[in-house]
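Visitor: I would like to learn how to read a protein model step by step. Could we begin with the shape of a helix and then turn to its rings?

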Amino acid sequence: MYDEKNIESEFLKRPKSNPFKTPDQYFDSIEDRILERIEHGTPAPKKISSTKVLQLLKPVLGLVASFSLIYLLVYYPINHFLPKTIVKTETTDTTAPTLADEYTFLFSSFDENTVVDAILSDQKTYVSEINPDEVLAYLSSGLNDLEIYSEIQN
């Protein structure tokens with residue numbers, strides 16, 4: 001069993017001299033070795049320990065672990081266990097003419113003389129007062145912009 005008195009007595013029995021010793025003539029040549037290192041500019045060799053490498057990689061490994069945990073708990077179950085019909089997909093018809101194509105066709109039908117005559121003419125067109133009921137009728141009819149424009153011109 002553990003006996004404190006026994007340990008104290010063992011400690012007091014140890015020799016009083018210093019158990020550590022320096023090599024012979026160590027301090028005789030230490031100045032020469034230090035000056036030689038200073039002149040050559042070579043630092044003392046450094047050892048890279050594995051604990052320093054682990055200390056540097058520890059935050060990186062923590063981030064990798066946290067992102068993989070988020071992936072496993074959130075993204076993977078959503079993609080693999082939820083039905084794919086929940087996602088609403090919308091397809092567009094690329095063969096249908098766009099509004100820009102319709103306006104290009106409309107402007108290409110004008111020639112230069114028509115445009116110059118319209119600019120230089122002294123005729124002023126007066127817009128009649130807008131009736132709100134007519135505006136609501138146009139909006140509820142489901143016409144696109146080109147059809148509304150052609151109705152206004154006629």
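**Reading a helix and its rings**

Guide: In this predicted model, helix α3 has a kink of about 40° at Leu-57, shortly before the proline Pro-59.

Visitor: How many helices and strands are there in the protein chain?

Guide: The protein chain has seven helices and zero strands, and confidence is highest in helix α3 (residues 50–81), at a mean of 87, whereas helix α4 (residues 99–108) is lowest, at 68.

Visitor: What span should the 32 residues of α3 have, and how far apart are its end C-alpha atoms?

Guide: At 1.5 Å a residue, α3 should span 46 Å, and because its end C-alpha atoms are 43 Å apart, the two values agree.

Visitor: Which way do residues three or four places apart point in an α-helix?

Guide: An α-helix has 3.6 residues a turn, so residues with that spacing point the same way. Here, Tyr-71 and Tyr-75 are four residues apart in helix α3, about one turn of the helix.

Visitor: How many aromatic pairs does the structure hold?

Guide: There are two aromatic pairs. In one of them, the ring centres of Tyr-26 and Phe-27 are 5.2 Å apart with planes at 80°, so this pair is edge-to-face. The ring centres of Tyr-71 and Tyr-75 are 5.4 Å apart with planes at 35°, and therefore that pair is tilted.

Visitor: Is Phe-27 buried or exposed?

Guide: Phe-27 is exposed, because its relative accessible area is 56%, over the cut-off of 50%, while Tyr-26, at 32%, counts as partly exposed.

Conventions: Residues are numbered from 1 along each chain as its sequence is written. This is a predicted model: local features need pLDDT of at least 70, side-chain atom pairs count only at pLDDT 80 or more; totals for chains, interfaces and linings use all residues. Side-chain values use heavy atoms; hydrogens and water are left out. Helices (H or I, at least four residues) and strands (E, at least two) are DSSP runs, numbered from the N terminus. pLDDT is the predictor's confidence in each residue, from 0 to 100. The expected span of a helix is 1.5 Å times one less than its number of residues. The bend at a residue is the angle between axes fitted to the seven residues ending there and the seven starting there. Rings of Phe, Tyr and Trp (its six-membered ring) pair if their centres lie within 6.5 Å; planes under 30 degrees apart count as stacked, over 60 as edge-to-face and the rest as tilted. Buried means under 20% relative accessible area, exposed over 50%, partly exposed in between (1.4 Å probe, protein chains only).
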